[in-house]
Protein chains: 4
Amino acid sequence: MTDEILPIRKIADKLGIADEYLDYYGPHTAKLKLSLMDQTKPGQRGKLIMVTAITPTSYGEGKTVVSIGLAQALDRLGKKVIATLREPSLGPVFGVKGGATGGGKSRVLPSEKINLHFTGDFHAITTAHNLLAAAIDSHIHNGNELRFDVDSIFWPRAMDMNDRALRHIVVGLGGKINGVPRETGFVITAASEIMAIMGLATSREDLRKRINSIVVGFNLEGQIIRASDLNVTGSMMVLLNDAIQPNLVQTTEHTPAFVHTGPFANIAHGTSSVISQKIAFNMADYIVNESGFGADLGAEKFFDIVMTQTGHKPAAAVLIATVRALASHGGVPGDLSVEAVKRGLVNLATHLENMKKFKVPVVAALNRFTTDTPEQLNVIKQFCEESGVESALVDVFEKGGEGAIELAEKIMRIADPVGAETASPIYQLTDSLETKIEKVAKEIYGAGIVYIEAGARKKLKKFTDLGYGQLPHLHGENPIVPVGQSQASGCTEGIHTDRQ
Amino acid sequence: MTDEILPIRKIADKLGIADEYLDYYGPHTAKLKLSLMDQTKPGQRGKLIMVTAITPTSYGEGKTVVSIGLAQALDRLGKKVIATLREPSLGPVFGVKGGATGGGKSRVLPSEKINLHFTGDFHAITTAHNLLAAAIDSHIHNGNELRFDVDSIFWPRAMDMNDRALRHIVVGLGGKINGVPRETGFVITAASEIMAIMGLATSREDLRKRINSIVVGFNLEGQIIRASDLNVTGSMMVLLNDAIQPNLVQTTEHTPAFVHTGPFANIAHGTSSVISQKIAFNMADYIVNESGFGADLGAEKFFDIVMTQTGHKPAAAVLIATVRALASHGGVPGDLSVEAVKRGLVNLATHLENMKKFKVPVVAALNRFTTDTPEQLNVIKQFCEESGVESALVDVFEKGGEGAIELAEKIMRIADPVGAETASPIYQLTDSLETKIEKVAKEIYGAGIVYIEAGARKKLKKFTDLGYGQLPHLHGENPIVPVGQSQASGCTEGIHTDRQ
Amino acid sequence: MTDEILPIRKIADKLGIADEYLDYYGPHTAKLKLSLMDQTKPGQRGKLIMVTAITPTSYGEGKTVVSIGLAQALDRLGKKVIATLREPSLGPVFGVKGGATGGGKSRVLPSEKINLHFTGDFHAITTAHNLLAAAIDSHIHNGNELRFDVDSIFWPRAMDMNDRALRHIVVGLGGKINGVPRETGFVITAASEIMAIMGLATSREDLRKRINSIVVGFNLEGQIIRASDLNVTGSMMVLLNDAIQPNLVQTTEHTPAFVHTGPFANIAHGTSSVISQKIAFNMADYIVNESGFGADLGAEKFFDIVMTQTGHKPAAAVLIATVRALASHGGVPGDLSVEAVKRGLVNLATHLENMKKFKVPVVAALNRFTTDTPEQLNVIKQFCEESGVESALVDVFEKGGEGAIELAEKIMRIADPVGAETASPIYQLTDSLETKIEKVAKEIYGAGIVYIEAGARKKLKKFTDLGYGQLPHLHGENPIVPVGQSQASGCTEGIHTDRQ
Amino acid sequence: MTDEILPIRKIADKLGIADEYLDYYGPHTAKLKLSLMDQTKPGQRGKLIMVTAITPTSYGEGKTVVSIGLAQALDRLGKKVIATLREPSLGPVFGVKGGATGGGKSRVLPSEKINLHFTGDFHAITTAHNLLAAAIDSHIHNGNELRFDVDSIFWPRAMDMNDRALRHIVVGLGGKINGVPRETGFVITAASEIMAIMGLATSREDLRKRINSIVVGFNLEGQIIRASDLNVTGSMMVLLNDAIQPNLVQTTEHTPAFVHTGPFANIAHGTSSVISQKIAFNMADYIVNESGFGADLGAEKFFDIVMTQTGHKPAAAVLIATVRALASHGGVPGDLSVEAVKRGLVNLATHLENMKKFKVPVVAALNRFTTDTPEQLNVIKQFCEESGVESALVDVFEKGGEGAIELAEKIMRIADPVGAETASPIYQLTDSLETKIEKVAKEIYGAGIVYIEAGARKKLKKFTDLGYGQLPHLHGENPIVPVGQSQASGCTEGIHTDRQ
């Protein structure tokens, strides 16, 4: 595909970014210097449009392509707009078909570079992550002064690769020279805690604090050992020096896009970096931001974790649905009939209901595929009308920004005025961990009762006793507890609801 | 240190490289397009100066700094010159003190970037390496159609990190979902076979052939399984797309330097890439090329493996010695006396003797340190005179190119005229493996007799039967046999000489 | 302690066992030949008295000592009586204080031998168990013709030792010569499936069938692989040749005791061997048989699993309680007051209630300790009276059989006449697995509702599809599904009740 | 096979052993009490006949069958004789064809029992061995007060089973609850150090001392940790209580045989227990004792290790050869011709030469097979005559003791008078380890020079510094250094001779 691609300098011009704030990576990519964050001009803050979707199916719903298309449409309508997106993982590139850079006439360019090594951010995160891991084993090998309990180390290693054989391994074999044997594993880089905390960091100094406060394990007395105890934060910061800077690229219609960090939505917060969003707020009328997975997961995390960190509330949300995904939710595999779509509308209804709980105005975006029939599209449209929800048909893959004009106009109409945003999280930071779990389970996932087993309750108490009772945010500490494989699952293990 | 650093465009100008042959990576680095190799103009090929040293000690002898300083001196003397150097590994950066980018007034710039992620070459090699590893385990997990013998897989994983705990591991634990358990390990990226074959490749097509012919293991019938059987060469080539292009940087005196690939000298060939050398031959009067370790190891590999691959013979060699290293070879720890230096001269003598066997004219370079006394320097100088060997005092750390003028002039004097080089390898490609081993052991390492145990002999026969009898080069096949940890050592296991 | 111990020949005389049915193991132990089973004389079948207890505490309730004492008392009352007991595991011997051979004046002799290697039964079972395990790995190493899925092998190794480090291991490391790496573990011999099926076997032929039908794993197609596929049953039978024969010993009062097999009650059926019980039925008026753990676990398994296998119904049951155990169930650690005992009576009440469900007449036996006060004993006695349950104070540790005369007399009075036993199991063999689980959970453990998670339900369906729907007994097949560590827990994983 | 077998009491009668010294194990086996050792009567010590053989081949040479046959022949000739033999391992029973109890008309009875669990000695040794192993891991799990370096633990686990998958394992996986992960392995029980030291022990007290002084590993400071540090010797002694007593059985001709302990000859001393030999010396005219492997290995160890421990010198030796084994040494696989036998005689010659070095009179025993031809037998006989060596044809498989009358008569003729034995070891206990190695290598294995690599030399120095310089015997300490797999090989690793 030969896309007309402009020198990145021209894209920077659209946003009024001077050369002193840019580090060029070839002709079509630049990294933004963090000093750009301080360029806030009062009254110039943009409106944040959050893009989410119904429960994802194997068909895909097109969150990235619609986000890009919507940004292009707003651009066509004369607005200053920036799309803020996640960086794709190399891992799935060779397994699954793309999509992480959009598709058709709504893509970010240069797609191939973004999909491969790009500006090296993931490699830097992988290396910083593994430096900390190597420091742990090296420390144990050299006398273990910190008295690590080798069976209570949470910090895995990381690799930007789908490599199941590395998930659960024993390291340190081959005798004394190779250190002490222990069980551990690799996570994919997108699941690295470094990825999560870089995505949430608000400055270099904040990142340094977050790295220092990483809980890497317990000592033989059951006390916490932190990354700061291993004296590698300085080296890690050097390795992450460039990676913390957002990447500026362009869409196929030359709309500016910030592509930065790629935390998974299931075990982390699943959206673009707080730093890239904060810079974008300062220089655009509209910021179109994609969040991961369905609205129950990605949007909930956005409102409860990310929004409280950026300090900016979404002015409107887009909830994407597709005919095929709704038909799939109709419950009969392969049944794409109008009836199946009708049955699947319950999924859309639930997500729309949830959005109301976050108190954000929403437009349902019908992402059109060439195989969709008018009948199928009509039942969805009609349902939205009956539900009193705005909806718009989009066709950005085929038509680019033009295919989202209706959506853009509706979004502009319903978006709260700047400063009057009403969006609010589900739980309060001061709620106990049990309360937070209960609120999310009941409000978003529809649980009737929440039963926490004795073992899980004990864990929650331990987290609280250790000072993590106010997670996800705690006085500048990391909002994320250890994300080692076992831990990740450990967080919900033993918690049952009556709707699973 | 605030070095004056020029835009890389200006350095390219010195070599007459047009913009169409450059990919910029920020203002001070560019990657060279491989099409530049085809720009050969008859009669314009440069003289290759090989830089080697006496047996290394913990003091360091300064091969990189002298190479850079010599290039700067030749530049000052009006010659068109390029230094061809290896890329440093991230691994040792955090463990050992630098030096990989030279030092003082003889460095390559931008040092910090080169020492860190640079243009991402090592990350790309690591990723390509691990993609192949993941493909092997994934193949076994998915039914093992190739009938891999899980205990006969040679392909390790790689990481650019000093992480001893990963040397010997068990992967695939945790049940069926994580694949089949087996023993394996990580090598440092500099020891990856991908690093070795990229360093020896002469073109993209050659690299593809070399990747395809990698021996990854045996099947249950004892037959070879190659990377080509796993259908990942295409993806690996995409990952290595940029990494195969040499990096253009500058020295502290703006002399052009090609910094490309970083294979270890102990288990691979230990010098800059064949591609970077081939391009340099086409555009400079002098190419100053560093080889790894001492002259017995690094220089031997250069003459026997690299030279036969580039097709260019060194016109002269520099053999570096230092007062402290010679005193250290004097045998009494801590004794830096003139007597100790005298006793250590036997090491210098042996390496000079070896260089004669390669039939290349040599200048002994005395790399001066501020702590050296005139008496110490004199005994070395006098020894060289008595041995009929040219010598020169160099002080490039303190003085830059000016500190190597004497060396440069002597090199220019003794260097063979282009096309009349007499350098020759120790063994012939058609020699049997046993003969090659014997020649190297006797000629270079001074062995009296070479005794090959039955087990080792059996292995050599197996290699020969499998078609690897003409290693290191075999009709475009990889010159390197499997470099898995065990294999690497396996190559000399069971071979004894009477001088160990 | 110097106990007067009679030649075992004299004990055999009391039972009228001729020499041809005995294999002597030193002067005080003999193994019974299985041909003795065929010596049934019509009308001569004995009454089975089952000994069980309230929920066990760390104090111990004395099931073994009371069983022995009761047998001695019946002996004193002129009855022909045999105590049928389990063989103790070596494992706990060195960890926990004894008790497995009774105590004080109610012990089986020679205690030290019984507690150590005894007649080698456990060693034989361990060896047979491990022969099958070695056959599996050897089969895989030698080409794996059966196509074992190495991640779906259920057969662990066994050792008669408390050795936690062996619970989860990786075997087959060290290269090809040592076979294929895989995860597995050791169970203690008492938890070996061989122990369980030998305990349930009714003849050598039955044992052979049960060994043949052991499910050792799945092949790559997901089909069952059985021990019979490995052709080692013959060797295993040779190894178990003697171990299948019950051991005849004597109590401190020369009452005959059969001590044979030692399956755990938690993961197996927890009582003496079916063969030893069947022989005992033929030659005694009363058979006093101990079952493991509390009445909910050990007694339930006896009625549902063992009774249906022996074909003999208990004529009466003894439910043991102690002051200290009841006080411990009072809920306040360390509180041994009368009030605590009163509060703990709820435990006794529940078990008495359960016994009614099995439709067997019961006597509560108050096992007296020297520290018990009359007040404490009284509240228990009074409770039994009020509940309409017979009770008796026993003091067999201090007094031997004399200390259980009251208990013996009450048992003789309430025991059903031979042939008129009313005892019945909780579930029917033809019930579905789900129904069986539900009946046990509700009837015995007091569950209100039983919730079976999707994953657990899938497993139950799989078991049923594979032909194990009528467990524990199925047309002569093994009543026990794979007891590998993970499997054992897997059986109840994902099953929740509202009373945990 | 229905052998007439006598009550063991009758066999004891032949040796005049009173009932008080016997523990019966069924009708045909008894264990001897150690108090029997004190029954020495001056002037009554028997002559020791050592049975050894040429280098073993896969055909077998029949050391056991000839030992039994010779004992039977001496019995027929009116001598009081005891055969002292090793107990067979269960391990090889199911893999290889028997022979460990002799064959044909020269067997020990009851063969099946001896070949299976016998009197439980191996099970007891296995259990004691594993108790110590479990104690090590348990100690580390519970805080590791002794500061074990987990990578420097030499004590493996043991199992009486050929199970290659257990040779190299990782234990302690599955998290904290299962202890600390580490690499270890199982040895077969015959290779257990407990087997070796029980075989060499001279009393219960001596065994206790030997167990206490077992080196189980090093602590983090590199200091030795012994079994005594773990406080399990008492429990181990209890487990070994019966196993230390020799087993009395009979041959097919009712000749008494002591069958006790079964240490391998390659990694231990390979002969029957010192205690069984010491008791036999006291009560027979002739003791026929088998030693393992060929005369270079088994006989050397007997003279250098066992003889110095029992204090009794062999009065004569039998060196067994067979036509098939000699033909096999002829070098051409499958060639059984007379010429092949002739070529193979060099093996016989070397072993005869070696026996001279031990200064013991020798008779070559030609163990006849039905397939042997007169020509084949003649060349051997003739060779012996020419060499001045007595030889005798034996046919004990077919004929029992009658088939060894010639051998017995020749042995009786050449055997030294009691008290005048001239047998002597190759090295002195006061020789350094290097000297011992050199003497054995040169005298017995025909080495010209012995080259000890630096690493091996360092190890020998370490052993000496740790107080093991006078091995195999050192003032009541264990004569055997750690026999963990790695150690065993470690003992000769790095030692080269010019004849391998």
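Reader: Which conventions apply here?

Author: Residues are numbered from 1 along each chain as its sequence is written, and chains are lettered from A in the order in which they are written. In this predicted model, local features need pLDDT of at least 70, side-chain atom pairs count only at pLDDT 80 or more, and totals for chains, interfaces and linings use all residues, while side-chain values use heavy atoms, with hydrogens and water left out.

Reader: How are two packed helices described?

Author: By the angle between their axes and the distance between the axes. In chain C, the axes of helix 2 (residues 63-76) and helix 15 (residues 405-414) come within 8 Å and cross at roughly 75 degrees. The two helices of chain C are therefore roughly perpendicular (65 to 115 degrees).

Reader: Which residues of helix 2 of chain C make the contact?

Author: Val66(C), Leu70(C), Ala73(C), Leu74(C) and Arg76(C) do so, contact meaning heavy atoms within 4.5 Å. From helix 15 of chain C come Ile405(C), Leu407(C), Ala408(C) and Met412(C).

Reader: How many residues meet between chain A and chain B?

Author: In chain A, 41 residues are in contact with 40 residues of chain B.

Reader: How many salt bridges cross the interface of chain A and chain B?

Author: A salt bridge is a side-chain nitrogen of Lys or Arg within 4 Å of a carboxyl oxygen of Asp or Glu. The rule finds 4 across this interface. One salt bridge joins Lys113(B) to Asp242(A), with the closest N and O atoms 3.5 Å apart.

Technical notes. Axes are lines fitted to C-alpha atoms, for helices over the stretch in contact, and angles run from 0 to 180 degrees between N-to-C directions. Helices (H or I, at least four residues) and strands (E, at least two) are DSSP runs, numbered from the N terminus. Angles under 35 degrees count as roughly parallel, over 145 as roughly antiparallel, 65 to 115 as roughly perpendicular and the rest as oblique.
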